[in-house]
Amino acid sequence: MKDFAYVAAPDVATAVRAAADAPGARFLAGGTNLVDLMRQHVERPDTVVDISRLPLTSVEETKSGGLRIGALMRNSDLAAHPLVRTRYPMLTQALLAGASAQLRNMATVGGNLLQRTRCPYFYDRATPCHKREPGTGCAAVGGFNRSHAILGTSASCVATHPSDMCVALAALDAVVEVEDVRGTRRIPLADLHRLPGDTPHLETTLAPDELITSVELPAPAAAPSRYRKVRDRASFAFALVSVAAALEVTDGTVAAVRLALGGVAPKPWRAVEAERVLTGAPATEESFRAAADAELAPAVTLDGNEFKVELARRTIVATLRDLAREGSRA
Amino acid sequence: MSRATTESLTATGGGRVGDSPQRPDGNLKVRGEFAYSSDLWHEDMLWGATLRSPHPHARIRGLDVGPALAVPGVYAVLTHSDVPGENLYGLEHPDQPVLAGDVVRYQGEPVAIVAADHPETARRAAARVRVDYEVLEPVTDAETALRADAPVLHPTNPDGNLVRHVRIRHGDPAPAADVVVSGEYTVGMQDQAFLGPESGLAVPAEDGGVDLYVATQWLHADQRQVARALGLPAERVRLHLAGVGGAFGAREDLSMQVHACMLALRTGKPVKIVYGREESFFGHVHRHPAVLRYEHGATRDGDLVYVRAEMILDGGAYASTTAAVTGNAATLGAGPYRVPNVHVDCYGVYTNNPPCGAMRGFGAVQACFAYESQMDKLAAALGMSEVDVRVRNAVEQGSVMPTGQVVDSAAPVAELLALVRDRPMPPAPSAPYDLRELPGGVSNTTHGEGVVRGVGYGVGVKNVGFSEGFDDYSTARVRLEVVGGEPVASVHTAAAEVGQGLVTLKAQIARTELGVERVVILPPDTSVGSAGSSSASRQSYVTGGAVRAACEEVRAAVLARAGAGAGLAGGKVVSAGGDVLADLVEVLGGEPVERTVEWRHRPTEALDPSTGKGFAHVQYAFAAHRAVVDVDVELGLVRVVELACAQDVGRAMNPDAVLGQIQGGSAQGLGLAVMEEIQVVDGVVRNPSFTDYLIPTVLDMPTMPIDVLEYADPHAPYGLRGVGEPPTLSSTPAIVAAIRAATGRALTRAPVRPEHIVG
């Protein structure tokens with residue numbers, strides 16, 4: 001690990017000031033991702049601003065019937081929160097599908113939003129990686145790419161966004177609240193993460209010194225929802241494919257649907273095309289398949305991840321089928 | 001100096017052979033209080049770090065240690081030119097440099113070592129060593145490596161990139177069969193995935209020698225290789241076993257041993273080296289990945305007529321134990337079956353992939369996956385049940401193996417298969433579902449829909465002990481004396497406790513043979529003779545045999561001193577009828593009785609190089625599995641619902657430990673069946689972490705009903721049969737067969753992943 005200056009911030013103002021004063025500074029919350037990356041020399045900040053003591057750990061109901069979640073809420077606490085469990089079960093399911101109990105006890109909401117990819121080449125400094133070192137190349141394209149993305153990729157980068165939580169947040173239309181020395185602003189989750197394009201090292205639309213302070217969820221929909229994760233073992237593994245979905249069926253027709261995918265794209269992937277196909281369509285297996293096909297039509301595969309297209313199709317269909325059945329029971 | 005590990009193991013409870021006394025290290029390990037080698041500490045010690053090659057194949061044009069030496073806190077930076085003795089080591093034949101000289105042959109090969117006053121300083125300094133590499137094209141495919149035009153990786157090897165070719169020629173070279181099935185099978189590179197990374201502490205001694213505290217499987221093999229590299233006589237290189245956090249073969253080769261000693265001798269200070277998790281993946285050998293091509297011929301009635309096999313084992317950059325692994329795969333390659341005609345060619349090969357060597361099952365695992373897959377195929381072709389075709393051809397006592405060796409003790413293969421077959425089936429999943437019991441588990445995948453059950457069988461044969469004429473022995477020193485008015489036996493061997501429970505077993509044997517309650521197990525070190533390796537399922541047999549033999553000599557001496565009696569029991573000298581003749585305390589008085597015995601099992605023979613004939617294995621061991629799986633065929637997810645095992649252990653010396661071995665071995669087989677694989681691309685490891693290299697968790701392991709048979713082997717101490725490896729063999733093919741049954745897919749590769757079911 002490289003030497004760095006350490007600033008323990010007692011309040012948000014100090015934290016964002018410290019970050020503004022030290023270009024390249026990183027905020028340290030749970031440390032489950034940043035410390036790992038620093039030990040691997042992938043992240044080499046000169047300054048680490050410790051925000052773990054900031055009072056950003058509350059869950060409050062908003063006037064519009066939603067929830068505002070403090071950015072330093074631990075994953076395990078958020079998953080267990082009664083309002084989250086009852087109103088946003090998809091989010092609880094996504095959180096509990098992520099990592100291990102030990103990591104969830106440390107990892108925070110804000111940190112999870114900014115979690116970096118598990119692409120092995122991103123971690124391996126002996127290989128080219130545009131995300132780690134812009135302009136060097138991408139070793140994953142011709143390498144071990146079984147876990148890599150099939151949607152939203154570019155010639156520069158095929159890495160996936162690793163978070164489970166974010167997939168649920170994408171489906172839920174979450175809004176991220178951020179603060180810097182200039183003030184605060186709100187960013188819809190869909191606009192927080194960028195696609196790689198030619199600049200895969202720029203993963204979000206945040207300014208380097210902007211601090212995520214909370215995440216706001218709009219009022220919950222009545223529709224049944226689900227987070228479904230397909231992985232290589234029963235726990236403690238990244239998603240090969242995951243689906244966050246909520247489906248409202250009225251008289252056999254899809255009245256409303258929210259669908260987001262994980263494990264297949266460089267960002268939490270809101271399946272806009274699938275939603276468009278589904279809305280107003282009969283809630284049948286054929287529609288679900290057509291929606292999945294529409295979403296996956298632009299998929300670009302590599303040598304090792306071709307199976308993800310079929311796996312994603314099946315996971316989408318299975319999840320929607322599940323929800324349709326649940327909705328019709330209700 | 002922290003020595004809690006080994007000293008804590010001297011605590012003893014009761015228990016004789018056949019009992020299951022509590023392990024002395026059990027509570028400590030569960031509570032996190034056991035001192036592993038990574039916990040070693042010495043006042044004023046330095047920390048070592050290793051610079052490794054990022055390239056799988058490169059020429060080293062230049063090395064500059066100057067920038068590393070300039071880092072404050074650095075005490076020494078050493079390279080190949082600093083190796084005091086011979087810069088070569090290796091278990092079978094020395095071909096591996098302690099530190100790379102002019103060429104590196106695998107990614108992660110050590111190039112330079114650093115000692116500094118802080119581990120981070122040492123790591124940073126190591127990163128500053130300048131190495132000028134001329135990158136060479138790596139040879140990464142074993143079959144390509146055997147071609148005449150492949151670059152030769154070890155110019156001194158007379159056979160090019162071939163480490164060993166074992167031929168088995170048995171019976172008719174051109175047999176004809178009614179029914180023929182063939183297939184090509186692949187086994188991925190599995191890691192031992194021990195939890196305690198390579199670590200140890202070297203302490204320079206006043207005599208110019210060194211004391212090395214290290215987690216290893218075989219102290220004397222380390223000592224021999226370290227002394228040679230240091231250019232010191234063996235008696236000045238003293239090894240002491242530190243707390244071992246798992247081994248499974250991965251500690252048979254050297255890792256940091258010579259490096260720590262070199263740094264300690266150079267700096268005159270104790271030096272500790274602990275590998276990180278990622279580094280550990282480069283610090284030890286792995287299981288040989290293999291390609292296996294088989295053809296089985298049988299009569300219409302289902303009698304095997306012949307087996308033909310070609311196996312290619314990728315040994316990676318250095319030989320390690322590839323030759324012995326090749327021998328095992330070949331000699332056990334037809335499986336536990338009576339086959340009149342066998343033709344096997346098994347090749348162990350050098351490549352620029354990570355070195356491969358010992359891992360639980362040692363060549364027999366790869367072969368078992370292939371021949372058991374073939375037996376299922378044969379059953380299908382014959383229209384027989386998988387169990388029936390196996391039982392019909394099962395070896396039994398008196399059968400002849402393809403090497404010509406007669407199976408000369410119990411071989412209850414048919415009975416083992418019947419035991420797992422006849423167990424009641426676990427109930428099919430039904431509502432209300434417990435997600436933990438379904439494929440995908442709590443990931444919220446299937447809730448019972450789309451789940452198809454499959455059942456599969458596997459049976460395997462493993463040799464116990466070192467084979468092919470190896471002088472396989474162990475040494476035990478047993479002392480009987482009066483301490484605090486009580487007779488106390490102390491047992492000293494160099495046998496490595498790697499978690500298998502040997503400390504418990506040695507005390508059980510001493511109690512049984514000497515009739516005393518108090519037994520002290522001394523820490524293993526090289527001040528007593530070699531015990532051989534804690535591998536090949538051999539320590540209960542060989543070190544157990546040595547301890548018993550030493551106890552017998554002590555007992556004979558005590559009885560001679562007493563002038564009467566036929567045995568020792570309850571601290572007394574007793575007659576053949578059990579009458580108390582004298583008190584052991586009085587007979588011993590102030591004069592201890594001590595005997596040291598070097599004990600050997602009956603000798604084995606080398607294989608005939610052209611036919612593979614020979615009495616190569618001292619003992620065969622058998623286990624069978626029935627795997628029941630539920631597969632979410634839509635998403636390609638597998639839940640192993642039950643893994644039933646039956647194994648003959650000859651004598652259950654410690655029944656709890658036997659069950660533990662069977663459970664652990666089966667779990668490692670499950671890992672190979674459905675998830676474990678080191679991903680090597682162009683010679684580079686792509687998943688060197690436990691985040692990316694997946695091993696089964698508690699949620700992946702099923703219930704394991706176990707039957708233990710005890711058919712005594714008259715040649716073995718107490719009739720015992722080695723336990724540790726056989727369950728690792730048959731677990732994998734049984735599970736893959738069950739997945740085939742559920743999915744209808746051919747599945748010729750282990751591990752099976754979702755894409756093989758969905759794709």
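**Exercise 1. Work out the strand order of the open sheet in chain B and state which strands stand at its edges.**

Solution. In this predicted model, the open sheet of chain B has 7 strands in the order 3-5-1-12-9-10-11, with mixed pairing; strands (E, at least two residues) are DSSP runs numbered from the N terminus, as are helices (H or I, at least four), and two strands pair if DSSP finds at least two bridges between them. Strand 3 (74-78) and strand 11 (237-241) of chain B each have a single partner strand, so they stand at the edges, with one side of each left without a neighbour in the sheet. From one strand to the next, the twist averages 20°, where angles run from 0 to 180 degrees between N-to-C directions and axes are lines fitted to C-alpha atoms, for helices over the stretch in contact.

Residues are numbered from 1 along each chain as its sequence is written, and chains are lettered from A and ligands numbered from 1 in the order in which they are written. Local features need pLDDT of at least 70 and side-chain atom pairs count only at pLDDT 80 or more, while totals for chains, interfaces and linings use all residues; side-chain values use heavy atoms, leaving out hydrogens and water.

**Exercise 2. Describe how helix 13 of chain B packs with helix 14 of chain B.**

Solution. Helix 13 (residues 502-514) and helix 14 (residues 539-562) of chain B pack at an angle of about 30°, their axes 9 Å apart. That makes helix 13 of chain B roughly parallel to helix 14 of chain B, because angles under 35 degrees count as roughly parallel, over 145 as roughly antiparallel, 65 to 115 as roughly perpendicular and the rest as oblique. The contact (heavy atoms within 4.5 Å) includes B:Leu505 and B:Ile509 of helix 13 of chain B and B:Val547 and B:Cys551 of helix 14 of chain B.
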